[in-house]
Amino acid sequence: MSLLTGSANAVKYTLFGFNLIFLITGIILIAVGAGVGAVYTGYELFLAGKFFSIPTFLIVIGAFIIVITFFGCWGALKENYCLVLSFSIMLAIIFILELAAGISGYVLRSDASNLIEKSLKASMAEYNNATQNPTTALWDDVQRSFDCCGVTNYMDWKEKFPSGELPISCCSPVVGQVGILSCMNDVASTEVRHVDGCLGGFSNYIAAHAVSLGAAGVVIAILQFFGVIFACYIAREIKIRNGITGFI
């Protein structure tokens, strides 16, 4: 038999429903963190370590949420004060961590351009058409995928290739072209050479995924804030009905 009043009993089952939602949000956080982490992994040579720390952090938080929903569900159904109180405390901690992760995601978006610019400029010296190392392959992939050349423009390659040559990935053949494609930084290559540098398009792509991290963290944190309130209310009602004194 339930020890709670009608209103408190309704909140109890609302809390149970919220726990099911929390379970889903935990899965969502893991999915978002893993998805963004997978995207970033493809460009890890151009990205600083902090780009990977937030996705990993969200995955850990999501896994923790899935675990603590047990305390909320079991505590609410059994009207167990200790379990509900433990759930409230852990959910409050998760709320703070998620809020921090969400804010970090938005901060990362703001810093993305500067961080990526430094990485791109530093990696240009490693481009080598003879050894075809991972940096070379990634530069070619980025320049083809984003239709760009260099960091700010094609002239960034002049220091690496003083003779005026450019990586073939800086150019796209025109429709119907046959024979050898020549990619140079002269006027003759204007029609096939990519006009824009890679910094703008690539950093915007990375920043957009950082925003998804921030949005997931903040939105779910707000949702869990109400869960903390419900859990604290239920814990208080159970404590009163059971005549429990003190904090525990």
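**Entry 1: the salt bridge**

A salt bridge is a side-chain nitrogen of Lys or Arg within 4 Å of a carboxyl oxygen of Asp or Glu. I looked for such pairs and found that the structure holds one. I noted that the model is predicted, that local features need pLDDT of at least 70 and side-chain atom pairs pLDDT 80 or more, while totals for chains, interfaces and linings use all residues. Residues are numbered from 1 along each chain as its sequence is written, and side-chain values use heavy atoms, with hydrogens and water left out.

Which residues form the salt bridge? I found Glu117 and Lys121, with their closest N and O atoms 3.1 Å apart. Side chains of opposite charge can pair when their charged atoms come close. Both residues lie in helix H3, residues 81-123. They are four residues apart, about one turn of the helix. I wrote down how helices are set: DSSP runs of H or I, at least four residues, numbered from the N terminus.

Next I checked accessibility. Buried means under 20% relative accessible area, exposed over 50%, and partly exposed in between (1.4 Å probe, protein chains only). Glu117 has 23% relative accessibility, so I list Glu117 as partly exposed. Lys121 is partly exposed too, at 47%.

**Entry 2: helix H4**

I turned to helix H4, residues 134-145. H4 has 12 residues and reaches 16 Å from its first C-alpha to its last. That is close to the 16 Å expected at 1.5 Å a residue. The expected span is 1.5 Å times one less than the number of residues.

I listed buried residues of H4, among them Leu138, Trp139 and Val142. What caps the N-terminal end of H4? I found Asn133, with a side-chain oxygen 3.2 Å from the backbone nitrogen of Thr135. After H4 comes Asp147, whose phi is positive, near 50 degrees.

**Entry 3: the disulfides**

I counted two disulfides (pairs of cysteine sulfur atoms within 2.5 Å). One joins Cys148 to Cys198, S to S 2.0 Å. This pair links distant parts of the chain, 50 residues apart. Cys148 sits in the loop between H4 and helix H5 (198-242), and Cys198 sits in H5. The torsion about their S-S bond is about 90 degrees, so the disulfide is right-handed. Cys148 is buried at 1%, and Cys198 is buried at 0%.

Cys149 and Cys170 form a disulfide, sulfur atoms 2.1 Å apart. Cys149 and Cys170 each lie in the loop between H4 and H5, so the pair ties together parts 21 residues apart in sequence. Their S-S torsion is about 85 degrees, so I call this disulfide right-handed. Cys149 is buried at 0%, and Cys170 is buried at 0%.

Terms used:
Helices (H or I, at least four residues) and strands (E, at least two) are DSSP runs, numbered from the N terminus. A polar contact is a pair of N or O atoms within 3.5 Å; within protein, one must be able to donate a hydrogen and the other to accept it, and residues adjacent in sequence count only if both atoms are side-chain atoms.
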